[in-house]
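Visitor: I am new to this structure and would like to learn how to read its features one by one. Could you show it to me and then take me through them?

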Amino acid sequence: MTDLTTRLGTLELANPVLTAAGCGGTGRELARFFDLARLGAFTTTSVMLRPRAGRPTPRVAETPSGVLTAMGLPGPGVDSFLETDLPWLAEQQVPVIVSVAGHSLEEYAEVARRAQESPAVAAVEVNLAAPNVEDRGRMFGRLPGPAADVVRAVRAVTRRDAPVLAKLAPDVSDLVTIALACVDAGADGLSLINTMAGLAIDPHTLRPTLAGVSGGLSGPAIRPVALRCVYEVHAALPGTPIVGIGGVATGLDALEFVLAGASAVAVGTTLFHDPTAGPRIARELEEALSARRIGRLADAVGLAHRLPPQGHVGHVPPQISPPPGADERRTEESKEKLP
Amino acid sequence: MTDTAGPGSGRAVGLRTSAIVLTVRQVQDYHAMTLVAPAVAERFRPGQFVALAVGGEHTGRLVRRCLAVYEVKPDYGGTVEVVFDHRGSRDPGTGWLAGRRARDMVDVVGPLGRPFRLPRDPVNCLLVGGGPGAAALFALADTLRRRECRVHFLLGGRSAPAVFGARSARRIGDSATVVTEDGSLGDTGTVRDVLPRVIEESAADVVYACGPTGLLRSVSAVATEYGLPSQVSVEEFLQQTGACGVGLCMTCVLPIIGDDGVTRMARACTDGLVMRGDRVRWGDLGTIPLDALGAPRALGGGL
Ligand SMILES: Cc1cc2nc3c(=O)[nH]c(=O)nc-3n(C[C@H](O)[C@H](O)[C@H](O)COP(=O)(O)O)c2cc1C
Ligand code: FES
């Protein structure tokens, strides 16, 4: 029997396969296909303060091995979420990770404060890809400063026993620096990655396919990008739990993320194609680990960093090196944290 | 390969199945595909649809194709037939479906969506169809006839081969009116042109429709003018906007007026496929009306 249990800070999960924010509906839609208790955790759609209708249609375009979506963060708002969605989720015996978003620090903090009051909320994920009105609508997670501010604000209002996960998008010049800033600001873990910006043009109408013009790319198309992000951030922050997200469709995909340093994976776009994917991926991951005689998932986390490189004699496999300075910062940070 | 909900779990066992293709045939301008899918056939109610994966096991096409069910039959434990427009569509996914052969496998989720509401009493029903969408009306017609309703058809299309099911409609309908834009079959004109006359002649008590969104819009408007309830299937809108068919992706939204008078962005796949025609804000499809719940303006601007 392979031990699939994993930890995100203080939160222990029965298995490492979660749903990704915004891709599992309210939970009820997926529950028609399987018992949600078979997930490691259920991540909600990003909750904001007020109801939001989101973007006009078309909101989605099919692209090679992925989809491009421009949703505009639709949702019922925190009141309705707490009244109808969360109580239902609370009955499903699955840890609930509430994703929070806002246009301002205050909005993030207000949503997190209200959500974390419920004992059903096991963790809070901070969607740092939301547009910052004070930064011409560019995302908070674009720069270390604003990202850290949001994380600090959310951490300050969240119960100690509920980990705060900072979720970052890859379209930034220096992801590791932003990740470090989030952890310094109190993030207990990181969710990597959100969608990356893309565009589709309809050759028949000669116009952008999506009503929102550009959109976020997701699905297996972005898996190598996500994997690189997880690998780099784990190298810089080996003690910080990471949820690997981006095109996970099979147990072997999940294993790749675990080997790169993820303690858990979240499944997004794959659910649109295969709503039963969560439990299937968990089962396939268990089989993949046991086929490799790895008895505990925890032993595989970041293993790709620790194994000696394999290759032909005289062939040096390419290494992904952390950006310059990452090591120093980590040392400083760990010094700071010493009692 | 069936999904894994156990007995007694309250879940729909077999909601996702791998179905064997029985036949794919060309019917006039369209393709009709029959799948062996007992779990889908058994639960199907008229107006529901299936969401098909395209491209095979290792496909890079992640969007499911949502197709209203034309007919279910008890053969082989239960078969499901869908009709789609491959030649008129630019979608390579439908091309893949059209290229299936007997004994191929297709990954099916269904039956999905809200069915047509049925009248309690044996009333006069007018079933209006346009293009391949007309296919969704025939299972409804069977059910209505079993309830001793009178069933009148009004079918339209560009030209004769684009009108699906004219012959069946004539056979099973209490009346059947066909219109084509080029006059190659039935009257010359559009469904909109003849609708008031057909409503009057058939003494319709309720109007059902499936077809192009423009047609649904006129049917809803005319039905409302006559004080009749309309039940319309927004299949085409779902095909143009949706990705999953099961309510997860939130991409298939359209503005619907609720019982409380408030407009909300509702999902075609789970709040439909069949909707009350008078509740859809047809002129605002593809937009977020400014007075919709959560519309950008209501928040004081910004994204
Ligand atoms: C339709 C859709 C809606 C999403 N909504 C959210 C959201 O509300 N909050 C969030 O943090 N990420 C959201 N995401 C991003 C996903 O959680 C995930 O990070 C991304 O899609 C990459 O994973 P995937 O390739 O498995 O989909 C959304 C993605 C999609 C495709
Ligand atoms: S098609 Fe995905 S929610 Fe309707």
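This is a predicted model: local features need pLDDT of at least 70, side-chain atom pairs count only at pLDDT 80 or more; totals for chains, interfaces and linings use all residues.

Visitor: Which residues does UniProt place in the feature "binding site" together with Asn194(A)?

Guide: UniProt positions are given in the numbering used here, with feature names shortened, and the annotations may be inferred rather than shown by experiment. In an unreviewed entry, UniProt places this "binding site" at Asn127(A), Asn194(A) and Thr195(A). These residues span 69 residues in sequence, yet no two of their C-alpha atoms are more than 11.1 Å apart, so they gather at one spot.

Visitor: Is Asn127(A) buried or exposed, and what does it touch?

Guide: Buried means under 20% relative accessible area, exposed means over 50%, and partly exposed lies in between, using a 1.4 Å probe and protein chains only. Asn127(A), at 8% relative accessibility, counts as buried. Helices (H or I, at least four residues) and strands (E, at least two) are DSSP runs numbered from the N terminus, and Asn127(A) belongs to strand E8, residues 121-127 of chain A. If we leave aside neighbours within four places in sequence, the contacts of Asn127(A) include Ser46(A), Tyr108(A), Lys167(A) and Asn194(A). A polar contact is a pair of N or O atoms within 3.5 Å; within protein, one must be able to donate a hydrogen and the other to accept it, and residues adjacent in sequence count only if both atoms are side-chain atoms. In this case the side chain of Asn127(A) reaches the backbone nitrogen of Ala129(A) at 2.9 Å.

Visitor: Where is Thr195(A) placed in chain A?

Guide: Thr195(A) sits in the loop between strand E12 (189-192) and strand E13 (196-199) of chain A, and at 28% relative accessibility Thr195(A) counts as partly exposed. Beyond residues up to four places away in sequence, Thr195(A) touches several residues, among them Ala169(A), Asp171(A) and Gly216(A).

Visitor: How should I read helix H7 of chain A?

Guide: A helix can be read by asking how many of its residues are buried. Seven of the 10 residues of helix H7 (residues 251-260) of chain A are buried, so H7(A) is largely enclosed by the rest of the structure. Those buried residues include Leu255(A), Phe257(A) and Val258(A), and the elements that the buried residues pack against include helix H6 (223-236) and helix H9 (277-291) of chain A. At the N-terminal end, Thr250(A) caps H7(A), with a side-chain oxygen 3.3 Å from the backbone nitrogen of Leu252(A). After H7(A) comes Gly261(A), whose phi is positive, near 130 degrees.

Visitor: How many salt bridges are found over all chains?

Guide: Side chains of opposite charge can pair when their charged atoms come close. A salt bridge is a side-chain nitrogen of Lys or Arg within 4 Å of a carboxyl oxygen of Asp or Glu, and a search of the whole structure finds 34 of them over all chains. One of these joins the side chains of Glu117(A) and Arg113(A), at 3.3 Å from N to O; Glu117(A) is exposed at 53% relative accessibility, whereas Arg113(A) is partly exposed at 32%.

Visitor: Which residue forms a salt bridge with Arg16(B)?

Guide: Arg16(B) forms a salt bridge with Asp274(A), their closest N and O atoms being 3.0 Å apart. This pair crosses between chains, from Arg16(B) in strand E1 (residues 16-27) of chain B to Asp274(A) in the loop between helix H8 (270-273) and H9 of chain A. Both Arg16(B) and Asp274(A) are buried.

Methods. Residues are numbered from 1 along each chain as its sequence is written. Chains are lettered from A and ligands numbered from 1 in the order in which they are written. Side-chain values use heavy atoms; hydrogens and water are left out. Contact means heavy atoms within 4.5 Å.
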